[in-house]
Amino acid sequence: DSSLYIDNKIEVKIVDGENKFVGDLVYKFTIDIKPEKEITANVPMSMILRLKNSTKTICNLTPDILSNGNMMEWKAGEWNRVEFSVELPDYIDSGSYTLQLSEQYFLISNSDIYDNKFINFRVENKYEPYENVSKIEMINGNPTFTVNGEAVAAYWYLVGTTDEIYVERIKDSGIETILDFSLKIGRQESGVDLWQENDTIDFETLDSTIGTLVSSSPDARVVLTIGVYAPSWWFKQHPGEQAAHMDASGKISISNGSNFSFGSTLWRDTASSVLTRIIEHMRGQKYYAKIAGFKLVGGGTAEMITYDATSEEVLPDYSEAALKYFRNWAKETYKTIENLRIIWNDPTIESFDTIQLPTFSEMKANCGTNGIYDPKTQQKLIDFRKIHGVMTADCVNAWCKAIKEATDYKLIVGCYYGY
């Protein structure tokens, strides 16, 4: 029962705006508010836009308070008249809608109002969807982000979550481009899981989250961040695809914070497929006109870094996926066992399928002068280091290619990488 935890309980009485017809996407309404007790701080009155008589969420909205906006001056136990104005997203369909007051800060205590849904209105809107074209172009000798041929300011607003306090700040920032951090194929540490165990994608959450972002500032564009993390249920089906490390004793284990191995061609291809499905769905939604690009995050610190790569106590990646990748890479690179034996200075190698990863002790004890390996005698150790970059680039290229193809090469896509 959320009423047990919310301090600001209010009664509301509609003065103007119930079932009002809105033709210009600006909905103004007036309500009387009676707080149960004194409100000690001004907090966001974030509202959820829903289809009337439906559970479907369109987006979160933060209204402008046109009059009597200082909540700390509202008198407890008395009616306080407040005027609101809400700018509606330009992509919504004509129809009937309901505003639901977010329960994070307020609970409506009226006996005739259920679930904080307090006012209804009708919208007439003719909207022609379109798709942006975004690029990085050289303008006056400088790399410049452009959308539909126009240069866009280099300042981007990074959103931690779609909580109402962040949405309100977006609206007030005046920044043209929003970066979002809340959508993930599978959970890493926080955010929204999109891909479900029954192979469905939670498009409702996807749509409402993006809807909230694009509605937060009418002129803003969204560069959508998608985490390419594998869900925990997927690792139960494919345990060898999760990143693993080796410690000084030679023990191989999975660290608490790890996710997929960049050597996992299975996850590389699976994530590419899921990304394609997500983009194909988005292109069918009216909010897609606000999308100006994509940013992918994954690996350690969301920066496409191999898990445990910066550790002094353990070395990556000793997963089954990394071993398989190393063997296949060696075969493609050196072609024959004879070549491999010569280059790795190891005549005992029987086949590519029997190659083993260098141990922690081998990597640490034989790092040569000033940490530099000798290619005449230590090429295998050099190659083991090298493939961590190769297989990471492999994944990044595959995922970016999936998005470029799904958008018909119209939108930019990138990631944190290369440092």
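# Questions on a predicted structure

Me: Does C395 count as buried or exposed?
Reply: C395 has 1% relative accessibility. A residue is called buried under 20% relative accessible area, exposed over 50% and partly exposed in between, using a 1.4 Å probe and protein chains only. Because of its 1% value, C395 counts as buried.

Me: What kind of model is this?
Reply: Residues are numbered from 1 along each chain as its sequence is written, and side-chain values use heavy atoms, with hydrogens and water left out. Local features need pLDDT of at least 70, side-chain atom pairs count only at pLDDT 80 or more, and totals for chains, interfaces and linings use all residues, since the model is predicted.

Me: How many disulfides does a search of the whole structure find?
Reply: A disulfide is a covalent bond between the sulfur atoms of two cysteines. Here the test is a pair of cysteine sulfur atoms within 2.5 Å. For C395 the closest cysteine sulfur belongs to C415 and is 11 Å away, so the two are too far apart for a bond. Over the whole structure, the number of disulfides found is zero.

Me: What is the relative accessible area of C59?
Reply: C59 is another cysteine to look up in the structure, and it is buried. Its relative accessible area is 0%.

Me: How many helices and strands does the protein have?
Reply: Helices (H or I, at least four residues) and strands (E, at least two) are DSSP runs, numbered from the N terminus. Along the principal axes, the C-alpha atoms fill a box of roughly 90 × 50 × 40 Å. The protein has eight helices, and its strands number 23.

Me: What share of the contacts in the protein between residues at least 6 apart in sequence join residues at least 24 apart?
Reply: A contact means heavy atoms within 4.5 Å. The count takes pairs at least 6 apart in sequence and asks how many are at least 24 apart. That share is 69%.

Me: How much of the accessible surface of the protein belongs to carbon and sulfur atoms?
Reply: Of the 419 residues, 49% are buried. Accessible areas come from the Shrake-Rupley method with a 1.4 Å probe, and for residues only the protein chains shown count as cover. The total is about 20,300 Å², and the part belonging to carbon and sulfur atoms is 47%.

Me: How far apart in space are L296 and C400?
Reply: L296 is in strand β21, residues 291–297, and is buried at 1% relative accessibility. Beyond its neighbours within four places in sequence, its contacts include I226, V228, W399, C400 and C415. L296 and C400 are 104 residues apart in sequence, yet from C-alpha to C-alpha the distance is 8.0 Å.

Me: Where does T301 lie, and is it buried or exposed?
Reply: Most residues other than glycine have a negative phi, and most peptide bonds are trans. T301 has a positive phi near 50 degrees, and A302 has one near 65 degrees. A302 is in the loop between β21 and β22 and is buried at 13% relative accessibility. T301 lies in the loop between β21 and β22, and at 63% it counts as exposed.

Me: What is omega for the peptide bond from P316 to D317?
Reply: D317 is found in the loop between β22 (314–316) and α5 (320–334). The bond from P316 to D317 is cis, with omega near -20 degrees.

Me: What separates the C-alpha atoms of R341 and S351?
Reply: R341 is in helix α6, residues 337–343, and is partly exposed at 29%. Leaving out residues up to four places away in sequence, R341 touches D346, P347, I349 and E350. S351 is 10 residues from R341 along the chain, and their C-alpha atoms are separated by 9.8 Å.

Me: How far apart in space are F106 and F360?
Reply: F106 is in strand β9, residues 106–108, and is buried at 0% relative accessibility. F106 and F360 are 254 residues apart in sequence, and their C-alpha distance is 56 Å.
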